[in-house]
Number of protein chains: 2
Amino acid sequence: MKQKKFILEEKDLPTQWYNIQADMVHKPGLPLNPATRQPLSAEDLSHIFAYECSKQELDQEHAWIDIPEEVQEKYRFYRSTPLVRAYELEKALDTPAHIYFKNESVNPLGSHKINSALPQCYYCKQEGTTNVTTETGAGQWGAALSYAAKVYGLECAVYQVKLTMQQKPYRSLIMRTFGASVEGSPSMSTRAGKDILTKDPTHSGSLGTAISEAIELATTTPNCKYTLGSVLNHVSLHQTVIGLEAEKQMEMAGEYPDKVIACFGGGSNFGGIAFPFMRHNILEGRKTEFIAAEPNSCPKLTRGTFAYDFGDEAGYTPLLPMFTLGHGFKPSNIHAGGLRYHGAGVIVSQLIKDGLMQGVDIPQLETFEAGTLFARTEGIIPAPESCHAIAATIREALKCKEEGTSKVLLFNLSGHGLIDMPSYDSFISGDLCNYTVTDQEIQSYLTDLPK
Amino acid sequence: MKQKKFILEEKDLPTQWYNIQADMVHKPGLPLNPATRQPLSAEDLSHIFAYECSKQELDQEHAWIDIPEEVQEKYRFYRSTPLVRAYELEKALDTPAHIYFKNESVNPLGSHKINSALPQCYYCKQEGTTNVTTETGAGQWGAALSYAAKVYGLECAVYQVKLTMQQKPYRSLIMRTFGASVEGSPSMSTRAGKDILTKDPTHSGSLGTAISEAIELATTTPNCKYTLGSVLNHVSLHQTVIGLEAEKQMEMAGEYPDKVIACFGGGSNFGGIAFPFMRHNILEGRKTEFIAAEPNSCPKLTRGTFAYDFGDEAGYTPLLPMFTLGHGFKPSNIHAGGLRYHGAGVIVSQLIKDGLMQGVDIPQLETFEAGTLFARTEGIIPAPESCHAIAATIREALKCKEEGTSKVLLFNLSGHGLIDMPSYDSFISGDLCNYTVTDQEIQSYLTDLPK
């Protein structure tokens, strides 16, 4: 009997998150105060974030961090997600590779984002916060946060990238259904938004602009904390439930991945599936390859510069040492809104420097081709972001076919694409195009790096 | 530890469907040839349907019908679906009732429909058919069939009710992504469609009009079979995997339902969850209540007439003995497109006559109120159809609160509502309204019943 789907029993669900920082030989750099260039403490960070998240952000000591019992209870309501062997996709590709995917698309709100939204809101609630705010790119994070805020009785305000509000109108409706207020970014409701629009009235927004606005709201509203859906260490930490489950599920399947693949925007779904496996590379010398798939029109991993940069467009965040395209980088209007971000997160940036993982950049049309094939074979329409992971996996599977080798490939299906149907329609109608970015364009944004 | 989610191991998945016809004391009536009024044989039905489905349709002997191994394999790819205890909803209602739901929304394509789409396409393929066609209301069935057809390498053409094409544009895009052709019904591409539009050029379509068009296409196209997503006995038969799983999962939860609740359009999701439990009423005298929730603007169960009627608007189908509002009934423009159907299916009609189940009708606003509360508590946005089941469950839960009794309620969450976000938006904005239908209107359609 061909087994396709592997599910964990509740007793086997993770009770701790894995903090890769503790095991890294070269630690990731610390966030700096832009004025003084001094490293920030958890107390400093907690002006913006929940204190517990701020502590986790800087924790380079503890490899395992307890998941609060209350959060474990919420996780149990939907986890584990299935690990699935993609037999039909393998057949369509006629590849000897074994392809597995972790299906985070069946989570509440349709993506992995809920895994961090729940603990972030839990900590806010514990610490007496009444309001949370955030940015959202494609809207997956905003939707997850809207629900998690409702679970813990918090008010929630979301700045959604203006472009994706237009591309994916249903996402704002989802957030409103959960009682959140949603504003398109750049907006005229914050100083950061006004400044951006004054410089460029046609600015379609990016995660960088929306982060600025949300941070401004958080710092000017009493009892309000900012929450982030990716990029930061504590977000990837929460997402390690994905990889920790996948490890046990791969064991059930009797295999171990040769390559672990995920799409890459800020790094949370990548870190979530990759870090638990990567610890075996670091601690036991395993040779698993880790591949982060980014849009070739927003190529910070493959063509960015390693530097201290702001995490947002307006320069409200601490300085972070990371691969960046410059915080003023304006990504093309691709449909993978969750990948339209200029920087890479400090852990992943250090891992790339250390040769522990690699980036690969993929053109938009190839991602939709991959997503459509995946839908037709596996019956799940993937999010445009996840299509990047699928496209990278297909490249590897075809390489196996060419070489006649049977590798075990594991990718993270970070979310479904049901809210993104117009983008599939454009693709099928032949209306989508590839975007590229020239070295010169990239260079022009890098001149703005903070000194 | 509060357990919320119950999942079956693969070895515990059903290997047979349950055919309630065999156990019914009063058998459901047979389909008649409209011209001769003679009962139709499986051979007769197989001009339209796959032969194996035609046999199942008329089988009043075998209580258990083997699920083909190839279909079991496909089922294993996504089943079992979780049985979930809705603790958060219970808390919000402050009810002593225990509320469980079977979550069919995590299936491929987002609803229970795939459970019958797979075997129907499998049988078609086995019998040498190359093309399938169908109607679809909300589009859940059309989407499922498009994927199942792709799995078995069949061409697929779908007639989608015109109203829901406008209300839920993403659904057509989903079907097209799977390679199906989709046409709005009534269309000008069939004689039935033309006739309907000639009589009423503004006709917004219904399941009845779309069925006529699909049957016409099937009977005028070589090697093409018609498939149906509900109403018929063999469709409910395939859906009994829902209830058979739920039975074992309720056992895991240590409970047995006092009331089993589902929304009702043609009856497939209702029959799917209800029939396996109902057999204990029939065979062992259990007293479980079965509640089918229909829109109060399309109230065939609560206000229809028991009569022989056509299953479609144009009168292409056999005559079926059922509760009906008349095959010409034009349902109001409610958002629960899957419930806009005039007739009840012969098994359910007989069960109502025998007092084994009851219908309840619910106004549109109450369904969206229920759906929004469910989303905010359980994190899943339910399909407008499923909102009817939730609303009926909430009524029962509040009754428990009033009476101070703790009943065990089980409902079927037939699908998610992500494609229906504009309807939630209308609801939240206060733009939705209730529709009703007067006795006089109902009477006017019943004068057209076939003599």
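Mentor: One term before we start: contact here means heavy atoms within 4.5 Å. Keep in mind too that this is a predicted model.

Trainee: Which strand does H15(A) run at about 90° to?
Mentor: Helix H15(A) lies across several strands of chain A, namely S4 (83–85), S5 (98–103), S14 and S15. The angle of about 90° is the one it makes with S14(A).

Trainee: What is the order of the strands in the open sheet of chain A?
Mentor: The sheet has seven strands, and their pairing is mixed. At the edges stand S1 and S14 (358–362), each with a single partner strand, so one side of each has no neighbour in the sheet. Read across, the order is S1-S4-S5-S15-S10-S11-S14.

Trainee: Which residue is the bridge partner of Val260(A) in S15(A)?
Mentor: Strands S10 (residues 259–263) and S15 (residues 408–413) of chain A pair in the parallel sense, over three bridges. In S15(A), the partner of Val260(A) is Leu410(A).

Trainee: On to charges: how many residues apart in sequence are the parts that Lys4(A) and Glu378(A) tie together?
Mentor: These two form a salt bridge, with their closest N and O atoms 2.6 Å apart. Lys4(A) lies in the segment before strand S1 (5–6) and Glu378(A) in helix H15 (residues 364–378), so the pair ties together parts of chain A whose separation in sequence is 374 residues.

Trainee: Are Lys4(A) and Glu378(A) buried or exposed?
Mentor: The cut-off for buried is under 20% relative accessible area. Both Lys4(A) and Glu378(A) are buried.

Trainee: Is Asp439(B), which meets Arg303(B) in a salt bridge, buried or exposed?
Mentor: The N to O distance in this salt bridge is 2.8 Å. Arg303(B) is partly exposed, at a relative accessible area of 29%. Exposed means over 50%, so Asp439(B), at 55%, is exposed.

Trainee: What about Glu396(B) and Lys399(B): about how many helical turns separate them?
Mentor: Their salt bridge has its closest N and O atoms 3.2 Å apart. Glu396(B) counts as buried at 9% relative accessibility, while Lys399(B) counts as partly exposed at 37%. Both sit in helix H16 (residues 384–403) of chain B, three residues apart, so the separation is about one helical turn.

Trainee: Finally, how many salt bridges are there over all chains?
Mentor: The search that gives this total covers the whole structure. The number it finds is 38.

Terms used: Residues are numbered from 1 along each chain as its sequence is written. Chains are lettered from A and ligands numbered from 1 in the order in which they are written. This is a predicted model: local features need pLDDT of at least 70, side-chain atom pairs count only at pLDDT 80 or more; totals for chains, interfaces and linings use all residues. Side-chain values use heavy atoms; hydrogens and water are left out. A salt bridge is a side-chain nitrogen of Lys or Arg within 4 Å of a carboxyl oxygen of Asp or Glu. Helices (H or I, at least four residues) and strands (E, at least two) are DSSP runs, numbered from the N terminus. Buried means under 20% relative accessible area, exposed over 50%, partly exposed in between (1.4 Å probe, protein chains only). Two strands pair if DSSP finds at least two bridges between them. Axes are lines fitted to C-alpha atoms, for helices over the stretch in contact, and angles run from 0 to 180 degrees between N-to-C directions.
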